[in-house]
Amino acid sequence: MHIADKDKIVEYAKDIPVAAFKLIDKFWPGPLTVILKSPDNSTIGIRMPDNEIFSRIITLADIPVVCPSANISGKPAPTTFPEAIKDFNGLVDLAIDAGDTKLGAESTVVDLTVDPPQVLREGVIKKEGVLSIAKRKTMLFVCTGNSCRSVMAEALLKKKLKDMNRQDIEVVSAGIMMADGLGASYETIELLRREGIDVSGHHSQRLIIGMLNKADLILVMEKVHEDRIIQMAPWVTNRLFLLKEFARVNDNNLNIPDPIGKSAQFYDSTLGIIRDAVDKVSQII
């Protein structure tokens with residue numbers, strides 16, 4: 001099946017693993033076919049082609065578009081319109097010449113119904129590239145504005161992983177309400193500078209479903225963030241936790257309150273709680 005929008009994948013497949021979202025985020029649109037579980041418990045191969053004309057046709061059709069290869073079984077895959085129509089002349093109702101193929105080679109096919117994923121056909125994208133992306137872990141920290149708490153958590157974990165020589169984990173942060181492109185708060189910049197970390201170049205980003213889909217672990221600061229994420233993407237519930245669950249603080253309140261507008265001491269206390277939780281997280285990932 002061919003789609004023109006990455007988000008459409010959830011309409012045609014179920015139990016989609018995080019690795020699949022990592023791969024489509026990296027390689028779509030492009031020459032990668034992912035095999036997933038279909039709603040009827042069979043399997044389905046899905047691609048998002050990197051061809052403007054074909055993508056437009058899929059969008060205008062507004063129905064599932066299923067396409068086999070444009071070649072007779074056993075014959076090489078065509079890369080030009082004349083090659084494709086040679087064996088199909090008279091067998092199709094309509095043929096559109098959208099130009100020669102960009103890459104001149106077949107797509108890579110990866111089976112994501114098994115763990116670990118298996119590359120069934122190595123095409124333009126090499127096996128090593130597919131598997132390295134699939135196995136790389138992604139940690140996502142979420143707060144309200146992505147200007148203080150999630151920035152602290154992201155920066156502290158990145159430093160911790162660097163000290164541990166861990167290069168297999170991506171760490172990102174986002175906010176549920178703030179617009180993109182704003183900087184970290186002054187207090188956050190100063191606190192982290194004392195930790196030997198420079199976040200003066202931080203730019204906030206608003207949380208989107210794509211970030212949630214490819215995150216192996218989603219850590220939020222407050223219950224309100226957890227509720228919002230479940231609203232956005234209920235399928236990520238088993239990867240979603242309150243960050244303070246990992247801290248050694250002995251109280252029943254699992255929220256880490258927003259320090260914006262609070263005192264320097266409040267900021268310092270917030271950083272201490274986040275540091276404690278991040279240290280624990282770094283030991284288990």
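**Close-up views of a predicted model**

The protein chain of this predicted model has 10 helices and eight strands. Along its principal axes, the C-alpha trace spans about 80 × 35 × 35 Å. Of the 285 residues in the protein chain, 42% are buried. Among contacts between residues at least 6 apart in sequence, 62% join residues at least 24 apart. The views below begin with a four-stranded sheet and end with a pair of packed helices.

**View 1. Four strands form an open, parallel sheet.**
The order of the strands is β6-β5-β7-β8. Strands β6 (169–175) and β8 (240–242) are the edges of this sheet, each pairing on one side only. From one strand to the next, the twist averages 25 degrees. Strands of a sheet pair through backbone hydrogen bonds, in either a parallel or an antiparallel sense. Helix α6, formed by residues 149–163, lies across β5 and β6.

**View 2. Strand β7 (residues 217–220) pairs with β5 in the parallel sense.**
Four bridges make up the pairing of β5 with β7. Within it, M139 stands opposite L217 in β7. Strand β7 also runs parallel to β8, to which three bridges join it. Here L219 has F241 in β8 as its bridge partner. Both faces of β7 are covered. On one side L217 and L219 are buried, and on the other I218 and V220 are buried.

**View 3. Residue T138 lies in strand β5, which comprises residues 137–143.**
Is T138 buried or exposed? T138 has a relative accessible area of 4%, and because buried means under 20%, T138 counts as buried. Which side chain makes a polar contact with the side chain of T138? The partner is K22, at 2.9 Å. K22 belongs to the buried residues of helix α2. When neighbours within four places in sequence are left aside, the residues in contact with T138 are K22, E170, V172, K214, A215, D216 and L217. One of these, L217, is a buried residue of β7.

**View 4. Strand β1 (residues 32–37) is largely enclosed by the rest of the structure.**
Five of the six residues of β1 are buried, and the strand is therefore largely enclosed. Strand β3 (residues 108–111) pairs with β1 in the parallel sense over four bridges. Strand β2 (residues 43–46) runs antiparallel to β1, and four bridges join the two. Residue V34 takes part in both pairings: its bridge partner in β3 is V110, and V34 stands opposite I46 in β2.

**View 5. Strands β1 and β2 form a hairpin.**
How many residues lie between β1 and β2? Five residues lie between the two strands. In the turn, N41 has a positive phi of about 70 degrees.

**View 6. Helix α2, made up of residues 18–27, packs against helix α5, made up of residues 127–135.**
The axes of α2 and α5 are 8 Å apart, and the packing angle is about 125 degrees. The two helices are therefore oblique to each other. Their crossing is right-handed. On the α2 side, the residues that meet α5 are A19, K22, L23, K26 and F27. On the α5 side, they are G129, V130, I133 and A134. In an α-helix, residues three or four places apart point the same way, because there are 3.6 residues a turn.

**View 7. Helix α2 is mostly covered.**
Eight of the 10 residues of α2 are buried. These buried residues are V18, A19, A20, F21, K22, L23, I24 and F27. Against which elements do they pack? Their surroundings include the helices α1 (9–12), α5 and α8 (209–213). The buried residues of α2 also pack against the strands β1, β3 and β5. The side chain of K22 in particular makes a polar contact with the side chain of T138, a residue of β5.

Conventions
Residues are numbered from 1 along each chain as its sequence is written. Side-chain values use heavy atoms; hydrogens and water are left out. Buried means under 20% relative accessible area, exposed over 50%, partly exposed in between (1.4 Å probe, protein chains only). A polar contact is a pair of N or O atoms within 3.5 Å; within protein, one must be able to donate a hydrogen and the other to accept it, and residues adjacent in sequence count only if both atoms are side-chain atoms. Contact means heavy atoms within 4.5 Å. Two strands pair if DSSP finds at least two bridges between them. Axes are lines fitted to C-alpha atoms, for helices over the stretch in contact, and angles run from 0 to 180 degrees between N-to-C directions. Angles under 35 degrees count as roughly parallel, over 145 as roughly antiparallel, 65 to 115 as roughly perpendicular and the rest as oblique. A crossing is left-handed if the near helix is turned anticlockwise from the far one by less than a right angle, and right-handed if clockwise.
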